[in-house]
Amino acid sequence: MDLSSLTAIDVHTHVEQDGHGCFALDQELLDASEKYFRAGQDRTPTVTAIAEHYRARNMAAVVFTVDAPAATGHPALSSEEIADAAAEHADVLIPFGSVDPHAGKAAVLRARRLVGEHGVRGFKFHPSLQAFEPNDVRYYPLYEAIAELGVPALFHTGQTGIGAGLPGGHGIKLRYSNPMLLDDVAADFPALTVILAHPSVPWQDEAISVATHKANVYIDLSGWSPKYFPPQLVRAANSLLKRKVLFGSDFPVITPDRWLADFAELEIKDEVRPLILKDNAARVLGLA
């Protein structure tokens, strides 16, 4: 990957369909999230489609799925297949894996295989969708393995569009995605790089506090148009956290074009913009 030729690195994009026509979510959740995000574009892109989208924009993208069959009953897309497909587009794609925390020792072994055999560069977790409290010590062997592997763990935080507007939110519980639960993880695993995904509404102040306090914690800015960012997040990104916030779109529900257009209107210092758009991510992902 030629960093000098890239204008940005998007650290948060979803593979929603595999090469066999299987989808990452059931149809009810797909329809609800499309309505929530008012997504008019293709809602279920493949790895190849994502690569083409980002290559046309001289950008790189981190790609992943969420492995959550224990909580949802829906078969997960294969992180192995995603990583192998991403390797065919190594000029623009950076694969993250996902394992179901409820799988116990099998999740630990799989995480090691994903890095060692498939070139995965990090892991994605969604505590609300996967229905687990991330600071439960039952999952600590998994974090220990990821820390030993030297790759980051990216956790969904805050409100989620998955299940939004459905009765009972489709059974998805928001409290699992409180960033304060990850303060425990970051404290207990100082060698583990933790990325808090999204503006963590309604816990934005908590996320800022954790990222400010813990050297190993970062924030990605995906899932929200920048024009809706809480003002305290903008202030922190411009100052204390200028080297700890990362560009992310949440593609396909938000396109990088829309995100970047709104980011251009945000009051961000000129010297901070390249840090957010590319430099911070290059460092965190070990690309620099």
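The crossing of helices α11 and α12 is right-handed, a crossing being right-handed if the near helix is turned clockwise from the far one by less than a right angle, and left-handed if anticlockwise. The structure is a predicted model, in which local features need pLDDT of at least 70 and side-chain atom pairs count only at pLDDT 80 or more, whereas totals for chains, interfaces and linings use all residues. Residues are numbered from 1 along each chain as its sequence is written, and side-chain values use heavy atoms, with hydrogens and water left out.

Helix α11 spans residues 256-263 and helix α12 residues 273-284, helices being DSSP runs (H or I, at least four residues) numbered from the N terminus. Their axes, which are lines fitted to C-alpha atoms over the stretch in contact, come within 12 Å and cross at roughly 150°, on a scale from 0 to 180 degrees between N-to-C directions. Because of this angle, α11 is roughly antiparallel to α12 (over 145 degrees; under 35 counts as roughly parallel). In the contact (heavy atoms within 4.5 Å), W259, L260 and F263 of α11 meet R273, I276 and L277 of α12. Five of these residues are nonpolar, none is polar and one is charged, where Ala, Val, Leu, Ile, Met, Phe, Trp, Tyr, Cys and Pro count as nonpolar, Asp, Glu, Lys and Arg as charged, and the others, Gly among them, as polar.

Helices α9 (residues 204-213) and α10 (residues 231-238) pack at an angle of about 15°, with their axes 9 Å apart, and α9 is therefore roughly parallel to α10. The crossing of α9 past α10 is left-handed. Q204, D205 and I208 of α9 make the contact with Q232, L233 and A236 of α10, a set that divides into three nonpolar, two polar and one charged.

Conventions
Helix = DSSP H or I, 4+ residues; strand = E, 2+ residues; numbered from the N terminus. Parallel < 35°, antiparallel > 145°, perpendicular 65-115°, else oblique.
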